[in-house]
Amino acid sequence: MIPQDTVDLILNTARIEDVIEDFVNLKRRGVNMIGVCPFHDEKTPSFIVSPTKGIYKCFGCGNAGNVSKFIMEHESVGYYEALKYLANKYNIEVVEREITAEERENQQLSEALYLINQYAYGYFNDQLFDTDEGKSVALSYYKERGYLEKTIKKWNLGYSNSVYDDFTKKAVKGKYNIDILKKSGLTSHSGGDFFKSRVMFSIHNLSGKIIAFAGRTLSSDKNQPKYINSPETEVYEKRKNLYGIYHAKTAIRKEDECLLVEGYTDVITLSQGGIENVVASSGTALTSSQIRLVNRFTKNIKVIFDGDSAGIGAALRGLDMILEEDMNVRLVLLPDGEDPDSYLKKVGSDSFRDFLDAEAKDFILFKTDLLLKEAGKDPIKRSRVITDIVSSIAKVPNAISRSNYIKTCSGLLDIGEKLLVTEVNKAVDRIKDSKYKEYQREKSKVAQQRFEQKSIIDTNAPPESIVPLPDLPEEEYNPNFVIGKDEYQERDLVRILISGGDALYDDKKKITVAQYLIHNLKEHLDDFDNPLYRSIFEIALNALKNKQEVNSRLYTNHIDSEIQKLAVNTTSFPYSLADWESRGVFLQTQPHPDKNFARDSLQSILRFRLRKAQRLIDTISKELKEEDKSDEDKILNIKILQQLLKDKNQIMLALNQIVS
């Protein structure tokens with residue numbers, strides 16, 4: 001664990017323009033710098049770096065953050081790995097404390113799981129190379145599959161012996177907590193080893209940490225499952241992980257294509273054969289999270305399935321989700337009876353590559369051709385095929401791509417292009433409506449979680465402990481999309497606090513904008529509709545209590561990615577103000593925009609309180625019309641209403657608005 005004072009030193013020392021210029025050619029534009037975005041393909045530069053604010057943002061793809069976020073995204077590493085990268089660049093010594101046995105038991109569960117998994121791999125490795133059982137049973141199995149010793153070590157393969165609790169006893173003797181062992185799934189609830197008499201495959205996350213294991217039986221007993229996997233834990237969610245992604249990510253970037261197969265051995269065999277841009281869904285149905293993981297590295301995905309009917313069915317079921325992520329999807333079906341592992345060994349790496357290139361087919365066109373052959377001349381079946389193909393085309397986000405598919409499929413389906421356009425548009429509208437409703441449900445769920453937390457977010461907490469807000473849907477999801485009633489007022493207060501919290505509100509009294517805002521709003525934090533905006537003010541309140549400065553870096557360096565993202569978006573713009581002051585030309589009628597925070601603070605607070613007062617007035621006015629209210633309740637509501645109207649009028653006078 002890196003001490004917090006070292007984290008602060010690293011982030012305060014690192015110059016974002018220096019770090020990014022190692023990867024991107026930047027040119028000066030006013031106070032900012034601009035270059036071609038490294039996260040998506042573009043010809044016109046839209047990647048802005050602000051040295052003064054310590055942030056970057058691409059106005060093409062939306063990728064944004066601070067210096068540590070850039071390294072995390074570009075190098076595909078975790079938060080602490082990014083900090084170590086920066087520390088090494090600036091020659092900052094990182095001393096990570098050795099933890100005692102007692103601290104090991106009390107440390108955060110996720111870190112404990114990483115440690116126990118690493119220990120388990122060491123045990124499985126020793127069993128493979130240093131025991132007679134491992135050598136005779138497991139090592140010979142790996143060699144029969146053609147795996148070289150360097151491949152076995154690269155992929156962290158191993159062996160679990162047949163003794164009931166051998167691993168568990170050794171782990172406990174090594175001071176590992178038995179409860180953590182059970183939570184990891186390495187030890188069963190009865191105290192025995194979960195994996196016994198199996199060759200072991202280590203599963204890594206994107207930064208290379210071992211997060212789980214898969215064990216394959218070598219027994220011929222059909223009552224034994226062929227593979228068993230670690231259960232899901234705080235560090236392992238099967239639906240979000242792809243086997244081999246850590247080893248494949250560099251090759252995927254280089255080849256600009258990802259090969260997707262089904263099994264662990266398929267990945268290892270292809271990788272050893274020089275085809276390294278390959279990952280596996282580990283025998284499970286493909287998920288949207290796995291697809292988005294690939295999408296971080298390439299837009300092109302080639303899915304390889306066995307050539308039997310089960311393989312074809314699996315391909316058709318999973319690939320619509322890839323279309324939704326706006327990826328280019330091609331499908332390769334291997335000859336009957338072959339899988340990637342067996343076919344590469346049969347024909348060799350070069351012929352295997354040639355086969356993939358020659359046999360890859362566009363998914364929608366392949367699906368159309370296949371389903372039409374199955375339907376024959378049956379009009380009802382053909383109608384179902386058209387509906388199925390319309391559904392797939394509608395999932396393609398890019399309108400131009402959809403148009404091209406419609407033209408091609410119109411001829412294949414023998415249906416008028418105009419009619420096909422109409423049906424696709426209907427399907428697109430249904431998808432937008434469904435996504436919007438799902439977003440609303442998720443937003444309500446997360447908002448409730450954040451409010452239930454009540455306590456101020458700990459800036460030192462690990463990223464996985466923070467409850468993230470769902471991404472806002474694009475406006476095209478629903479033409480009637482309306483943001484929260486007071487979204488603009490709350491967001492403006494957040495903008496002022498993040499961008500100008502350290503500016504002086506009162507020069508004589510040395511009161512900062514942050515102090516002024518918190519003083520006037522700390523009793524009104526529960527009135528915020530948006531829980532993320534409320535968190536922004538809670539962080540400032542906590543910082544002031546601890547005598548810390550409230551500035552933009554408090555938020556752009558925050559460990560919560562949603563807070564960091566909001567901070568970057570509220571402080572970055574696709575343009576720069578002309579530097580006229582350096583040429584002796586000054587604004588005559590108003591302060592520079594970056595010096596307006598003091599004036600804006602009062603106006604924004606007044607507008608915020610006016611909106612809240614009006615909402616209370618509307619609520620009480622509605623209650624007064626209800627017939628089931630007692631006279632006492634009505635009298636009380638009238639008094640409250642009178643006071644609210646008085647407060648509203650005072651605020652309107654301060655805003656120079658017409659008093660009602």
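This report describes a helix pair and a sheet in a predicted model.

**The helix pair**

Helix 22, residues 513–521, packs against helix 23, residues 531–545, with the two axes 10 Å apart and at an angle of about 110 degrees. Because of this angle, helix 22 is roughly perpendicular to helix 23, as angles of 65 to 115 degrees count as roughly perpendicular. The crossing of the two helices is left-handed. On the side of helix 22, the contact is made by Ala514, Gln515, Leu517, Ile518 and Leu521, while helix 23 contributes Phe537, Ala540, Leu541 and Leu544. Sorted by class, the residues of this contact are eight nonpolar and one polar, with no charged residues.

**The sheet**

Strands of a sheet pair through backbone hydrogen bonds, either parallel or antiparallel. In this model, four strands form an open sheet in the order 6-7-8-9, and their pairing is antiparallel. Strand 6 and strand 9 are the edge strands, each of which pairs on one side only. From one strand to the next, the twist averages 35 degrees.

| Strand | Residues |
|---|---|
| Strand 6 | residues 158–160 |
| Strand 7 | residues 198–204 |
| Strand 8 | residues 210–217 |
| Strand 9 | residues 227–229 |

Strand 8 and strand 9 are joined in the antiparallel sense over three bridges. Arg216 has Tyr227 of strand 9 as its bridge partner.

A helix also lies across part of this sheet: helix 7, residues 132–144, lies across strand 6, strand 7 and strand 8. Helix 7 runs at about 130 degrees to strand 6.

Conventions:
Residues numbered from 1 in each chain as written. Predicted model: local features only at pLDDT ≥ 70, side-chain atom pairs only at ≥ 80, totals over all residues. Heavy atoms only, no water. Axes fitted to C-alpha atoms, helices over the stretch in contact; angles between N-to-C directions. Parallel < 35°, antiparallel > 145°, perpendicular 65-115°, else oblique. Left-handed = near helix turned anticlockwise from the far one by under 90°. Contact = heavy atoms within 4.5 Å. Nonpolar A, V, L, I, M, F, W, Y, C, P; charged D, E, K, R; others polar. Pairing = 2+ DSSP bridges.
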